[in-house]
Amino acid sequence: MLISEPAPDPTNLGLGVVIILVILLNACFNFYQEVKSIKIVASFSKMIPEKAIVHRNGIEEEIMADELVPGDIVSIHMGDKVPADCRLITCEGLQVNNSDLTGESEPIRCTTKCTNLNYLESTNLIFYSSLVVQGSAEGIVISTGDKTVLGQVGKLTRGSGSSDITALHREINRFVLFIICAALTAIIAIWITWAAWLNVTQHGYISANGNVVNSIGMVIAFIPEGLPAAVTLVLTIVAKRMYKQRVLVKALATVETFNSVSMICTDKTGTLTLNQMTITHLLWGTTGEFSVPIEKNNVHDAGKSFKALLLGGCLCNNSENQLIQDNGDESLKKSQTKLVGEAADVALYRLCEENCSMNVENIRKSNLRLKVLPFNSKNKFMITANQLEGEQEQQKILITMKGAPEIVAHRCSTYQNDNGDILPFTNDVKQIMFNRQEESGKNGYRVIGMAQQTMKKEQYDLMMKRYKNTRKTHENKQEQVYEDLNGLPGENYCFIGMFTLVDPARPEVPNAILKARGAHIRIAMVTGDHPTTAAAIAKQVNILSQNISVDNGLDTFKLGENESGTPVLQLLRNGQIIDTHLPGKTTTLDLITNSATVKSVLKTTDNRKLNFLKRWWQTAKSYVADPSATKSRDKQKLIPYGVVVTGSDIQLMDDFMWDWVLSHKELVFARTSPEQKLRIVMECQCRGEVVAVTGDGTNDAPALKRADLGVAMQAGTEVSKEAGDMILLDNNFASIIQAIETGRLLSDNLKKVAIYLLPGGSWSEVIPVFFCVWLGIPLALSTFQAIIFCMLNDVFNALAMVSEKAEKDIMSRPPLIRHKGHLLDAKLLLHAYMIIGNLECFTAFFCYFSWYASQGIPLSSIFLTYNSYGKNPPINYTTDELTTINESGQSIYYVALCIMQFFNLMSSRTRYASFFTHNPFFGKGRNLTVLCGIVASTTVALVVTLVPWFNTQFKTVPVQVKYVMPALGFGALLFTLDELRKFYIRKYPKSILAKIAW
């Protein structure tokens, strides 16, 4: 009854129609862009097709996983994802992770026997999507596609997308929360004012219906309608850029996290290096050595140790030639043979075949493999058992161990000297061997040790029988075998010699790391290689730089004793003791509860123990509040030195040692296990670091999953790709730096959109309503014009803003600190409202009141008049004439605001760079969509003010240019002041003005 009127204004009907149409247009645009970005991301799946190794017609070949059919025999190795439901027919220490099906993260040991009538519990069945964490096997395909166990559980596959709340989600949620609170506060304020004062003392000045319209105007003014479209469009642009950069992002919103990345923990092999290893030297005894390439005559004249090394390289090796189909074009479908396997195995295979003229396949057929223990990151060695050729009468078995030299040497009791004689492996000989390894490592070589032992077939069979009995006993008691080597011996080997391999660094990596360092991002190498080799490669790729780690010093530590004989940690710099530390308190971190959904390092209170309200509050808070860290990153002082830490020493580290190690600017962790790599990531996160982890191996998966951003390599294992948040399809480390730049650009452009939308779209539209209600002046901007301005004029320019290129200094700024830098913060609001907003609002009112002055109406006849406007003081115009004058003034205010936003657009394109070095017309900052946005916005303003239908229906009026000319002057002033502000910030980056810059 209050809001009904005998003659309702038809403008309100038109207003409602316009709102509905604009909302529909925005929704359609958002839907189109969302579908577009989804299609781009979906197209990535074609770049990483799942493949399977299958035996068909007696030939082993690689095919697409979707070409498998029941009855196919597939080979499965560590790091693979099981391509279909299979029944095992051979099994070599196979362990799979069935967490997708069962939720249990503990690996399951597989066998070839049915152990349970429940097919999900039987250890001779493996299921599609399970990840192979250790060993190898062959299996018969029993189900494929939708007929697999996982395929039948449709809800699981449809709901497999991550439900994590990303940093971008939180930023948008905070923005929305601010807008809701501001809009509600403004609406409540005008309704309280109307009910308690205006409707009582100035009855009839604003009706209830008018106040409803004002409230709608308030809501529309505060809501930045261009923001949802801008966010959707910027994600589409990011998807296109990632597509061009060959980067697969599982969720586009995670790219924004790169803006906060402060540390990258990267694997070495295959990430920093090409993973194309070649053998450079063969070492045996104390002085024996051959360099590659090897002359054929030298091969025939070589001694026993050299030939034993080559035989071991053929037999203790899982690389093999496979038939791989080229599925690019069905009409040109063909197959080719390719040598596949671990990089070191491939290098050994090629050494034997190409350099030493050995037929590896014939040697393997003549020396049949009986048993194998595949290499894994825990043991750091591989063992094979082969029945030797020509030993049918004695039936001798050759056991070969290959792996890290210090690990292999620990399991040896004898060695072959330079002449091939078997001698005791004394500590002095071991030290000589270690010195040779150290010398090779300093030159950046990776070193592999090899050991052998022979035994009679009867002895081998007895050993296998004993192992099966022991294994069965432990399985019945549900106990874990202390060291399960598949029954193969773990000691009493004879050390044969070593291979040195070189894995060249990727050519683009050194410059990429320098660029990361310029962006204040620390790079930590975390590798399984020997410390000396790791340090040498780190120097080659600039992780250990000349001016810090070489000139200042390289730190490490070791366990020693003080003068009283108490064990202490000795802190060393360039080999000299600089301090000692008595190990103390260590914070326990949960290494077991490690999943992609658990990103916070600190344990939180169990929600089940909280009441409903507290649970609801914690859930709601998680949508806007960032995860907390134990220490703020900006408070941790970094020291200008490098440090090298070995995995065996990590267990000695307490909280003090972690603080000391992670305070170094340059970091290398060597000989690390998966658990240790995970611990390193968690300790970094505990100290406020936002960690990106790169890796390509199965051993990298736990850390990839735990990291704030896990970056896997396309050439890596399926396990690592499943664990990562994104995949580098070109295996290019430099793409990570490009992704970081893209993340920073995304954050920058969203801030630019906000700084553009808030002054005109909120402040300059809200103030006229408050002035109308509180100061009793006519409404300076109609609700229709406010809606058009927000939903069309500003949207065009906001969408143009998201296409901005990166500023020159974007990769020289420090990473964003999560708890300090937000899309909406006090600095941005101060700049948007107090500076730009007030100047735009003043300019629009200046033009508005100038129009009134030209009509002979002074300010004294406008302010605080309320119901008496035009009567007290009297104005020589009729009510209809005053209404027409105000309609013209409203159009002038609207056009002046559009002009000021054009200058705001040009100023807000850059945060620190000058417009003239980053202009939209040419050069690196070229962005012609800005000009398109200005043209589109101008067209809208001209249509609204000049088209007769709009003049009649929505009471707009054509605007004379002379009344909006002041906006050009004030706009130029805004532009000039902002250019001076940016210049001062660039010249004095530590000034107060720089600290409050948005």
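Q: A crossing of two helices is left-handed if the near helix is turned anticlockwise from the far one by less than a right angle, and right-handed if clockwise; which is the crossing of α26 and α27, left-handed or right-handed?
A: In this predicted model, the crossing of α26 and α27 is right-handed. The axes of α26 and helix α27 (residues 879-908) cross at roughly 145° and come within 8 Å.

Q: What makes the contact between α26 and α27?
A: From α26 come I836, L839, E840, C841, T843, A844, F845, C847, Y848, W851 and Y852. From α27 come I885, N886, S888, G889, Q890, I892, Y893, A896, L897, M900, Q901 and N904.

Q: How many residues of the contact of α26 with α27 are nonpolar, polar and charged?
A: There are 15 nonpolar, seven polar and one charged. Tyr, Trp and Cys count as nonpolar, and Gly counts as polar. G889 of α27 is one of the contact residues, so by that rule it is put with the polar ones.

Q: Why is the pair of R671 and E406 called a salt bridge?
A: The closest N and O atoms of R671 and E406 are 2.3 Å apart, and the cut-off is within 4 Å, so the pair qualifies. The structure holds 25 salt bridges.

Q: Why does the pair of R671 and E406 tie together parts that are apart in sequence?
A: R671 lies in the loop between β26 and α21, whereas E406 lies in helix α12 (residues 405-410), so the parts tied together are 265 residues apart in sequence.

Q: Which of the two classes, buried or partly exposed, applies to R671 and which to E406?
A: R671 has 14% relative accessibility, and buried means under 20%, so R671 is buried. E406 has 21%, which puts it in the partly exposed class.

Q: What makes K515 and E741 a salt bridge?
A: Their side chains meet at 3.3 Å, N to O, which is within the 4 Å cut-off. K515 lies in helix α15 (residues 509-518) and E741 in helix α24 (residues 734-774), so the pair ties together parts 226 residues apart in sequence. K515 is partly exposed at 38% relative accessible area, and E741 is partly exposed at 23%.

Q: Where do D748 and R813 lie, and are they buried or exposed?
A: D748 lies in helix α24, and R813 lies in the loop between α25 (783-801) and α26 (826-854). D748 is buried at 3% relative accessibility, and R813 is buried at 14%. They form a salt bridge with the closest N and O atoms 2.7 Å apart, so parts 65 residues apart in sequence are tied together.

Q: Which residues are linked with D748 and R813 in a network of salt bridges?
A: The network also holds K752, E807, D809 and R911.

Q: Why is one side of β8 and of β24 left without a neighbour in the sheet?
A: Eleven strands form an open sheet of mixed pairing, in the order β8-β29-β28-β27-β9-β21-β26-β25-β22-β23-β24. β8 (247-249) and β24 (576-581) stand at its edges with a single partner strand each, so each has a side with no neighbour. From one strand to the next the twist averages 25°.

Q: How do you know that β22 and β25 pair?
A: At least two bridges are required, and strand β22 (residues 554-561) and strand β25 (residues 639-646) have two, in the parallel sense. L554 has G642 in β25 as its bridge partner.

Q: What makes β26 largely enclosed, and which strands does it pair with?
A: Six of the seven residues of β26 are buried, so the rest of the structure largely encloses it. Three bridges join β26 to β21, in parallel, with V526 partnered by F669. Six bridges join β26 to β25, also in parallel, and I639 stands opposite H664.

Q: Which strands does helix α16 touch, and which does helix α21 lie across?
A: Helix α16 (residues 531-540) touches β21 (522-526), β25 and β26 (664-670), and its direction makes about 135° with that of β26. Helix α21 (residues 674-686) lies across β9 (263-266), β21, β26 and β27 (691-695), at about 160° to β27.

Q: Why is I985 called buried?
A: I985, in helix α30 (residues 965-987), has 6% relative accessibility, and the cut-off is under 20%, so it counts as buried. Beyond neighbours within four places in sequence, I985 is in contact with Y912, L993, A994 and A997. I985 and Y912 are 73 residues apart in sequence and 7.3 Å apart in space, C-alpha to C-alpha.

Key: Residues numbered from 1 in each chain as written. Predicted model: local features only at pLDDT ≥ 70, side-chain atom pairs only at ≥ 80, totals over all residues. Heavy atoms only, no water. Helix = DSSP H or I, 4+ residues; strand = E, 2+ residues; numbered from the N terminus. Axes fitted to C-alpha atoms, helices over the stretch in contact; angles between N-to-C directions. Contact = heavy atoms within 4.5 Å. Buried < 20%, exposed > 50% of the residue type's maximum accessible area, 1.4 Å probe, protein only. Left-handed = near helix turned anticlockwise from the far one by under 90°.
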